[in-house]
Number of protein chains: 2
Amino acid sequence: MVGARARVSGRVDFALNAVVPGMTHARLLRSPMPHARISSIDTSAAEKMPGVVAVLTAADFDRPGAPARYYGAVLRDQPVLCGEKVRFAGDPVAAVAAETEEQAAAALLEIEVDYEPLPAVGSVAEALAEGAPLVHEKPPLPREASYADIKFHGREGNVCTKFQLRSGDVEAGFAAADHIFDNTYHSPAVQHLTMEPHVVLARFEGERLTVTSSTQAPYAVRDTLAEMFGVASSKVRVIVPPIGGGYGGKTYAKFEPVTAALAWKARRPVKLVLPRDEEFLSLTKHAATIRMRTGVSSDGKLLARDVQVYFDAGAYTDISPRLIKNGGYSTAGPYAIPNVRIDSYAVYTNLPPAGAYRGYGVSQAAWAYEQQMDEMAEALGIDPVEFRRRNLLTEGERFATGEIMREAHWRELLDRTAEAIDYDTDRRVVVDEHRVRGKGVAVILKSTITPSTSHAAMRLDADGSLQVLTSSVEMGQGAHTVLAQLAAQPLGLPVSAVHVTEPDTQYTPYDQTTSSSRTTRAMGGALTSAAHVIREKLLKLAGDLLEVSPTDLELADGQVVAKGSPGVRMSVPEVFRRTRTGSISGDGEVITSGGLDPETGQGIASDHWHQGAAAAEVEVDLGTGKVYVRHVHSIAHAGRVVNPKLARLQMHGSTVFGISHALYEELVYDEGILTNPNLSDYSITAMGDMPAQLEVEFLEDEGEAEIHGLGETTLPPVIAAIGNAVRAAIGAPVRTLPITPERVLEARNS
Amino acid sequence: MVGARARVSGRVDFALNAVVPGMTHARLLRSPMPHARISSIDTSAAEKMPGVVAVLTAADFDRPGAPARYYGAVLRDQPVLCGEKVRFAGDPVAAVAAETEEQAAAALLEIEVDYEPLPAVGSVAEALAEGAPLVHEKPPLPREASYADIKFHGREGNVCTKFQLRSGDVEAGFAAADHIFDNTYHSPAVQHLTMEPHVVLARFEGERLTVTSSTQAPYAVRDTLAEMFGVASSKVRVIVPPIGGGYGGKTYAKFEPVTAALAWKARRPVKLVLPRDEEFLSLTKHAATIRMRTGVSSDGKLLARDVQVYFDAGAYTDISPRLIKNGGYSTAGPYAIPNVRIDSYAVYTNLPPAGAYRGYGVSQAAWAYEQQMDEMAEALGIDPVEFRRRNLLTEGERFATGEIMREAHWRELLDRTAEAIDYDTDRRVVVDEHRVRGKGVAVILKSTITPSTSHAAMRLDADGSLQVLTSSVEMGQGAHTVLAQLAAQPLGLPVSAVHVTEPDTQYTPYDQTTSSSRTTRAMGGALTSAAHVIREKLLKLAGDLLEVSPTDLELADGQVVAKGSPGVRMSVPEVFRRTRTGSISGDGEVITSGGLDPETGQGIASDHWHQGAAAAEVEVDLGTGKVYVRHVHSIAHAGRVVNPKLARLQMHGSTVFGISHALYEELVYDEGILTNPNLSDYSITAMGDMPAQLEVEFLEDEGEAEIHGLGETTLPPVIAAIGNAVRAAIGAPVRTLPITPERVLEARNS
């Protein structure tokens, strides 16, 4: 991997290391209550504290020349700082910039805020209850022209937005079914826990704002800040150094607005490094409650499915409207179900906001549908793999959204993964009186953000060096390595000749976001186009010099060579020198189209589909209820793998995340207060929890196959496969994640 | 001017203000002798001084893994630090990086250097004398593939390089002449005196080197550093913030090599800010001695010219081989002379190196030929303007290089400027017994760097903002303002929608250099092409949406409008939104061709010619010899003026420089030691020296005319016009610049 040595030896220039002259340090004052009216804020004592440069509150916004206070990816419902009320315990109320971080922290203690507590809603159930207190009194404003595919219907009470899908005739389907299964599954909120926290450094030069940020979405941040300050987008420059993990938690503007507003007030550069405990308040994966009714025929054909999905959006919308759409239609699973009705809701609660998280709603959906598949198989007396096989989408079949599936590989993926753990043998084994083992499988489909746009530019220099200008973010996933490979290939260059620049909206072209497992395919495609533009220009120049038609020339090892006449050649630097060319530029783009009808959910949900499967074997201690994962095998359809080592690492990461979600991770709230915002009380997979056997596998297509992203594909099925393995072991389903010892014991005893 | 407010209020981010974490500060130890052998350097005491991080000497170079010690724009003859010997008083011998600049300065005092003095050459005359000591014992190596148009003949003794031009039959021309004039003219070395000194900040991340520098030539610096460290050019990133004046003194690598080498040794970022007294040792305008023999017919036709030009290159070559070429052929002047022989020499001396300086050899040449024109006119009894008119090049005539002149405007320029000072009236006036007044004119031609290459890239963003990626340097001349205007125009955008980025070789395409008055024309042309590429792409997208042929669409005020149907329109942001385009990129280039035969000087010297004239009226105090400039008028052929205010400011600057060179500026050496490296002893034009009347004028062509640069065009004629005015006043020529009171008195008494 490019830059691997720098990364492991601590020499990466993370935003954390950024320093500019006159820089001040920021800290945020946060609400101690989940829901309260703010009756007054007194910052006068704090302003006099040593080293304090500026204290920012809601009063500084929305005046002539001042920034707007509300922002948001879809709806402008999130205040940079709370004014009239706070909506979750941790909601920022004031920000301080001081010469040192310690001085800023000390000043926070001197800010006097008077709160009038309000009744709070701490869950979707409470939020939807009759007469529940409202998190947002008035519906927030949609951003102009954003998300034309989202219909903002169903917004009443604490419902933020709703997605609905209607396919076939569900009631008729149920009427025809021999069995109807009706189960409810729960996934908790979890946190992204990136190694690097959110870091923002903001500085103004005149009205030009430069932000260095650990963001996955430089352009989204730029546009949000330009909107907030009411300036042209060219007045905002967003620079993104390599970041230390994202997993969705750094998409869209997060702490850039408050840091920039503080820099604006302080008239000094301001740097914010979010403390670890505040990371837990920054954004979460959506907790979800999914009620799934599925009608099946006796011979194991899925006939109808009716789903209500409740995603807990927390206090602010963030990207929930789009996530509940993806998480919504995904509950149909990779199955051909003729009659489907899905209602997917984003519900406001007085909890930290939820947003993008690796898997993007699919983990929650798959947890429901793949658990239910096993439960139904058992009830029907059909082997779970065989039951899935009878229903999996095949080439040319119609998904619930109406789109026709192409390159459908689910059966093969399922078969391979089942075989890898020898699923048909010893599906349940009693080891001794305390220990049982079980095996489980799961198979999923996942969309990628559609429609989407990526642009790239490249420049070939006179010595054969290639500068790749991309706004794709290197976050440890190896994006810049893979992009360097793809850029080098059409130009016959070694990867060492390529430099992939860090995103900088002043210089690097538009890219929608580095998320949704889209970068290798979308940005890689844009780069490949750009490389071909440069290739054509170069061969034209060389052809004129060599008196050979450009179509009869090829590029290899830094040389332009006539096909079939290897003696007729010229080095790339010589072509530049002879033509006095200084550099050759080229650009390329990948723009995908699609979208769903907001009334019916029919259309194109995904430009192409990510397909994955996993199998797991667990051992359960019946005395303690503790689950030990013995073996995990996961497989993803990759089309073409660009860099096998990095691709495997992505899938290893998904597996570890999957184990963690299956067994350990959960944000626990007590009266709306997060009780475990630290790494002692919030558990993740540790080295000792890793299975003895862990394999990952790609399914590759023949020949010049398309590239498919695989950064998230096997996270959802690992969770579900572990769940099914536990069910196989203990003979009862645990429908609520994580599968804690308590829940295992409870399931056995129920 | 874009950024004018920031510039005048001290808020420009000059390299001087750059700070990075862990930054150390550099100082250089310089030779106290003009020529000496170094017998030993002992840095042990300096290394132990407080705060010292690294001490660098010649011993650190040219070992495996170490940088090369010699560099140079044309010949690698300049050591980053001297090893075997020093070649001028001020030649750097060691460099120290320390935590503070004061600590670095203190450590310099502890470095012990033993010198064995060598006899030195302090002028061209001394350097060319029989048996003169050699500045360079062995001829240095030409850089591979550089300057194919320079023949390195004539390099013997202290001659660095020679340029020769042979046109017609000079001996026959002289034989046919009625009069032969044989005069010698001198110009001194002067310093650029930029407001901002040379500043370099260098830092390594692994083998990647990033340099922030106040350079006019980011790519030349990049290539020199890549060569020096033996790495691909993509491993070196050169960033150029706005700079505080260049005038040629910041072209090619200057202090980047030593700062980068120090950063390499210190393993820490290093910043060097050159103190003002060391600026005087950095680079100078070439002192020149020009012997000019011109044969004329009785009716005032120039028949033959034979010139020997001796440029004092100082201790190192820098760009002398090219400058003596331009300064050489320029001695033919803007005149049709059928027989010309020119021998132009760059001569090494033990003085600070000479290189590019606003005017690039033309000031020195024009000082000779325009003084001689007046002297010859007087001798022939012909009016000086009339005498010039009879010989000035006209449309289609042949210049001494053999090229045919197009767009020849010299007569018009001369007539206008002569008229502006009422040249025909009171050419000499006796004011009283102490004071006389005189008037003078001068007319010149100046080439621009040819061949040359400029590339540009641009990006139009969804809100109609335009990012211009150019490596042209903003150095106070307003380049970025003019380039913004040219970029905006084809896209129908306001200038406020354009942001011109600072040069950064990681992102901005190749540009040869910001010098030679080439930026507005060459980079402006490249940007215009790039803008048209974007325009076409945008109109194509809009045409598809509006169902109108792109050729029937036009752009105005951020709207795409159907020609003749103003109702059929769409805003630019709407085109982006509807097509899901994120940004539209385009690139363009201007590559000019030309070059001269090294044996004959025949060919294409300049892609186009800069044409200028000036007239001056002076008053001379016959008692003190002091010259007062009363009135200066200068005029340049501009083709098309893009920004009249900035163009005027450029010409005002040229006028002030011209007065300064005519009357005040001179680097004075005593035994090879510079005696006036400060602004007390080195005089430049002060506000009190400014003429009461100062006008500048452009000659513009009709219609969609070409753009001609004008940043240097009127500097040479202002000097010569003042010289001719003094001669008119006192009745005797002063052939040596500057025209000091002593020289005036001496001329009157001779």
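Predicted model: local features only at pLDDT ≥ 70, side-chain atom pairs only at ≥ 80, totals over all residues.
User: What conventions apply to the numbering and to the values?

Analyst: Residues are numbered from 1 along each chain as its sequence is written, and chains are lettered from A and ligands numbered from 1 in the order in which they are written. Local features need pLDDT of at least 70, side-chain atom pairs count only at pLDDT 80 or more, and totals for chains, interfaces and linings use all residues, while side-chain values use heavy atoms, with hydrogens and water left out.

User: How do you know that the copies meet through the same surface?

Analyst: Contact means heavy atoms within 4.5 Å, and 50 residues of chain A are in contact with 50 residues of chain B. Of the interface residues of chain A, 100% are also interface residues in chain B, so the copies meet through the same surface.

User: How much area do chain A and chain B bury between them, and which residues of chain A lose the most?

Analyst: Buried area is the accessible area (1.4 Å probe) that two parts lose on being put together, summed over both. For chain A and chain B the value is about 3800 Å², 46% of it on carbon and sulfur atoms. Arg459(A), Tyr507(A) and Arg580(A) lose the most area in chain A, together 18% of what that side buries.

User: Why is the pair Arg222(B) and Asp461(A) called a salt bridge?

Analyst: The term requires a side-chain nitrogen of Lys or Arg within 4 Å of a carboxyl oxygen of Asp or Glu. The closest N and O atoms of Arg222(B) and Asp461(A) are 2.5 Å apart, and the pair forms a salt bridge. The count between chain A and chain B is four salt bridges. The elements giving two or more residues to the side of chain A that touches chain B are α6 (218-229), β20 (452-461), β21 (466-469), α15 (572-579) and β26 (583-592); helices (H or I, at least four residues) and strands (E, at least two) are DSSP runs, numbered from the N terminus.

User: What makes the salt bridge of Asp504(A) and Arg237(A) a tie between parts apart in sequence?

Analyst: The side chains of Asp504(A) and Arg237(A) meet at 2.7 Å, N to O. Asp504(A) lies in the loop between β22 (498-500) and α14 (519-546) of chain A, and Arg237(A) in strand β13 (residues 236-239), so the pair ties together parts that are 267 residues apart in sequence.
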